[in-house]
Amino acid sequence: MPHPFATHVGVRRLVTAAIAAPSVHNTQPWRFRLADAAAMELHADLDRRLGVIDPRGRALHISCGAALFNLRLAIRVTGHRPLVEPFPDAADRPALLASVRAEDATMPSPRQSELYAAIPHRRTNRSPFSKRRLPQVVWEELTTAAREEGLVLSLPGPQTTAYLLSLIAAADAKLAADPDYLAELARWTPDRTGSDGIPWYAFGPRPSGRGLPLRDFGLAGSREGREVADFAARPQLGVLLTKGDEPRDWLQAGQALQRVLLTAARRGVSTSMLSQLLDMRRRGPDGRRPHGHIQAIIRFGYGPLVPGTPRRPFPEVLERA
């Protein structure tokens with residue numbers, strides 16, 4: 001196959017896959033630059049950084065890391081191997097998060113092809129999930145996916161889950177009383193649709209207050225006409241952990257997160273994030289926990305089909321040298 005950066009069609013395919021990644025409040029804080037015929041750069045779009053919610057840039061780096069993983073997969077399925085150099089010019093260009101080249105390789109494995117095929121089907125699902133439990137074989141695939149990217153996906157037991165949910169509920173209550181936080185949330189979670197009629201943000205039903213302390217994004221927009229639903233009191237959770245808590249760790253966490261989410265999508269498993277607890281530590285690190293720093297709390301289960309959310313236009317996110 002031709003080099004993945006050699007044609008407009010090839011480049012468009014790569015970028016389209018990359019920008020299908022999830023991002024904090026669908027901010028899509030990334031830009032790509034075709035530096036030359038052999039390298040593509042991933043930049044943080046600092047105009048889309050959340051100054052109140054994410055002043056350190058942790059969530060921004062994780063979002064861009066998820067896009068980087070999709071880009072790697074899109075290169076791999078062309079019969080090339082992605083060569084990633086993270087932060088190639090950190091001193092002078094800190095917004096340049098990675099430079100990616102491609103070299104000839106064997107054709108992708110069936111699993112790599114299946115993960116790539118899952119990219120357009122991955123969704124953030126904020127609906128209630130059924131009581132069906134994930135099979136052990138699926139949990140093993142999810143933990144392996146994180147490990148392949150150098151991270152740990154911890155699966156808390158009933159007591160730890162209950163403790164986590166109590167912390168999330170307390171964080172949610174504090175955030176709901178923070179006017180600056182709510183104002184920024186309202187800006188990036190608009191209760192409107194795109195030009196194609198698809199909602200810009202992945203809303204779900206309003207939580208009834210029983211069960212899971214899911215954030216009510218209606219606090220940032222209209223509550224009218226939204227369904228009210230009960231959520232499971234004991235959801236199936238996974239906690240993604242890094243050894244460090246710096247930009248390199250966050251970029252790596254984003255790649256691991258996306259591998260986990262695509263592995264789930266490939267198995268028909270629904271996912272969403274519980275981010276209130278992480279939003280509460282936005283002013284600084286919370287100190288290393290015994291097993292690492294929490295970078296994502298993921299809710300897994302089997303939910304209804306939900307639509308995707310619109311993406312920024314291709315010309316808006318790609319720059320050519």
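**Reading the sheet and the cores**

Modeller: The accessible surface of this protein comes to about 14400 Å², and carbon and sulfur atoms hold 54% of that. Keep in mind that the model is predicted.

Colleague: How many helices and strands does the protein have?

Modeller: There are 9 helices and 11 strands. Of the 321 residues, 54% count as buried. Take the contacts with a separation of 6 or more: residues 24 or more positions apart account for 76% of them.

Colleague: Now the sheet. What is the order of its strands?

Modeller: The general idea comes before the case. Strands of a sheet pair through backbone hydrogen bonds, in a parallel or an antiparallel sense. Here, 5 strands form an open sheet in the order 3-4-2-1-11, and the pairing is mixed. Strand 3 (80–86) and strand 11 (318–320) are the edge strands, each pairing on one side only. From one strand to the next, the twist averages 25 degrees.

Colleague: In which sense do strand 1 and strand 11 pair, parallel or antiparallel?

Modeller: Parallel. Strand 1 (residues 30–36) pairs with strand 11 over 3 bridges.

Colleague: Which strands does helix 2 touch?

Modeller: Helix 2 (residues 58–76) packs on the sheet and touches strand 1, strand 2 (39–44), strand 3 and strand 4 (96–104). Its direction makes about 155 degrees with that of strand 3.

Colleague: Which residues have the most contacts inside the largest nonpolar core?

Modeller: Again, the general idea. In soluble globular proteins, nonpolar side chains tend to be buried together. In this model the largest nonpolar core has 38 residues, and those with the most contacts inside it are Val-15, Trp-30, Phe-32, Met-40, Leu-42 and Leu-71. Several elements supply at least two residues each, including helix 1 (8–18), strand 1, strand 2 and helix 7 (247–266). Helix 2 gives the largest share, 10 residues. Look at Trp-30: among the residues it touches are Leu-42, Ala-67, Arg-312 and Val-317. Another core, of 22 residues, lies apart from the largest one; Leu-151, Leu-240, Val-269 and Ile-298 are among its members.

Colleague: How far apart are Thr-124 and Val-306?

Modeller: In sequence, 182 residues; in space, 8.1 Å from C-alpha to C-alpha.

Note on methods:
Residues numbered from 1 in each chain as written. Predicted model: local features only at pLDDT ≥ 70, side-chain atom pairs only at ≥ 80, totals over all residues. Heavy atoms only, no water. Pairing = 2+ DSSP bridges. Helix = DSSP H or I, 4+ residues; strand = E, 2+ residues; numbered from the N terminus. Axes fitted to C-alpha atoms, helices over the stretch in contact; angles between N-to-C directions. Contact = heavy atoms within 4.5 Å. Core = buried A, V, L, I, M, F, W, Y, C linked by side-chain atoms within 4.5 Å. Buried < 20%, exposed > 50% of the residue type's maximum accessible area, 1.4 Å probe, protein only. Areas by Shrake-Rupley, 256 points an atom, 1.4 Å probe, with all protein chains shown as cover. Lists of a residue's contacts leave out its neighbours within four places in sequence.
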